[in-house]
Amino acid sequence: MGLRLFNTYGRTLEDFVPRTSGKVGFYGCGPTVYNFAHIGNLRAYVFEDTLVRALEYLGYDVTHVMNITDVGHLSGDDDTGEDKIVKTAQERHKSVLEVAQYYSDAFFKDSGRLNIKRPTIVCKATEHVGDMIELIKRLEAKGFTYMAAGNLYFDVAKFPDYGKMAMLKLEELQAGTRVELDQNKRNPFDFVLWFTKSKFEDQALQWDSPWGRGYPGWHIECSAMSMKYLGEQFDIHAGGIDHIQVHHTNEIAQSEAATGKQWVRYWLHNEFLIMDKGKMSKSSGNFLTLQTLVDAGYDPLDYRYFLLGGHYRSQLQFSYDALDSAKASRRSLNERVLSLRDNATPEGVRAPALPALSALAPAAIARLEAFKAAIEDDLSTPRALAELWGVLREQKLPAAHALAAAFDMDRVLGLGLAGQERKESGVDPALAAEIEELIAQRAAAKKAKDFSKADGIRNQLKERGVLLEDGPAGTSWKLA
RNA sequence: GGCGCCGUACCCAAGCGGUAAGGGAGAGGUCUGCAAAACCUUCAUGCAUCGGUUCGAUUCCGAUCGGCGCCUCCA
């Protein structure tokens, strides 16, 4: 049936057809590195990762470009705000680039822990200022810009389709109700392409440009870098839902004004993670990081599982109850995989031999087809997860077949199922031998009906973190 | 003030015109000296409320109540 994606541009579910058959150019808005990414931000990157994995699963060759916003940007729309990276740098007595590098590293560490694949190309704004200047020059040559009070603005009035994707009705919006308007603008929706006038004497990052020494406006980096690496027209652009109205609207305006062509075909936006009191906000300083969850005893993949349990276009309510549920689910999932793995692995062999997907039993094939249908239906990871559970619990399906199907599904889900190994396989052989000896003693005690001694041995091992489980085939043990 | 989204069992969460996926928790069972684990079974005549359209609505329309987002940097 083929992949269908919900395109914000038009607000409809559309069949996905790439510009070049078999290839996908994808640009995902990356982090602004002046602080740690919080778990709400991370939802966006897990979503982008799921999209990339799904495209690859469906056979596309994906070029995934992600930007790193390491140019400081003002917290306000005009010259009155604070530059967030500069502010952090001053507080930490570090250079702006040190701060950016530090949080960028932290970001990729979190990504790795969440099993997010590294994008094909990661590009820093500070290394592409020349490309931005070139793009702005094209806009200027075409008459889309004007200078006012030292800043170069994009003139929204010259771009008739402004706000089309966001379905903005300019005359109905009450711009300025919450924030004071920049008096230099001809139109409230005009935005800065290049700043030369900053209230900061010590603006750390400045570049020479035809409009004077200064630094680029926020939106231009995405237009310039995406076009550099993906061409003037490409397939998918994704980001958080908050970017629809301003950031992406402005990106579209400046990109299409410069080239005169449609820029991006499909726009995908993920909804927010919601806390009890509303969304998490980086600038408010009140947020949870992945490390907070790790410190509380959760595995980063517990959080990934939690995210996959909701559709990317629905708001998801975060709570520790829900995370506990995800954690328990994932533990059970891993236990199930391990148990199937044991069943599918012949004695004396380290890893099971899995059948080719084409050779799977009909029940497994049916699950895989349902899984693919779920993914193709606008990335329905909740339904995909249901199919994963389904195949793992399919009765009368040989273990190797269930595993092969589950591992295939996990190429999209990214839960690390294939990498699951029993922790016990890594213990010191001497300790293992000792445990086996105690188990033998306990077996003898049990046979002699000396249950208090048998239970004593079990409790003794339990205190050392070793759990005994009696089964039909004798006693097995595992680490707590 | 304008625009948009959402309200499904104890909890999280799919479905979005044809009679409620999945997970967690709970309950019962199999196994067991006990325990644990595992597995099996079970768990919404009903999808915020009230009207309407329809042969038929959780799904469409309207109203009401409640929650959230955007119009400001923001995932």
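Predicted model: local features only at pLDDT ≥ 70, side-chain atom pairs only at ≥ 80, totals over all residues.
Residues are numbered from 1 along each chain as written, with chains lettered from A and ligands numbered from 1 in written order. Local features need pLDDT of at least 70, side-chain atom pairs 80 or more, while totals for chains, interfaces and linings use all residues, and side-chain values use heavy atoms, without hydrogens and water.

To see this lining, select R43, V46, F47, T50, L307, L308, G310, H311, Y312, L379 and T381, which surround a cavity of about 120 Å³ (on a 1 Å grid, points where a 1.4 Å probe fits but cannot get out, with lining atoms within 4 Å of a point). Colouring α1 (39–57) and α8 (300–308) shows the elements that give two or more residues to the lining, and α1 gives the most, with four.

Select next R341, D342, N343, R422 and S476, which of the 26 residues lining the second largest pocket lie nearest its centre (a pocket is an open set with protein on both sides within 12 Å along at least five of seven lines). About 850 Å³ of space lies in this pocket, and its lining has six nonpolar, nine polar and eleven charged residues.

Finish at helices α11 (residues 381–393) and α12 (residues 399–413), whose axes come within 9 Å and cross at roughly 165 degrees, so the two are roughly antiparallel (over 145 degrees).

Conventions
Axes fitted to C-alpha atoms, helices over the stretch in contact; angles between N-to-C directions. Parallel < 35°, antiparallel > 145°, perpendicular 65-115°, else oblique. Points joined across faces, edges and corners; volume = space filled by probe spheres on them. Nonpolar A, V, L, I, M, F, W, Y, C, P; charged D, E, K, R; others polar.
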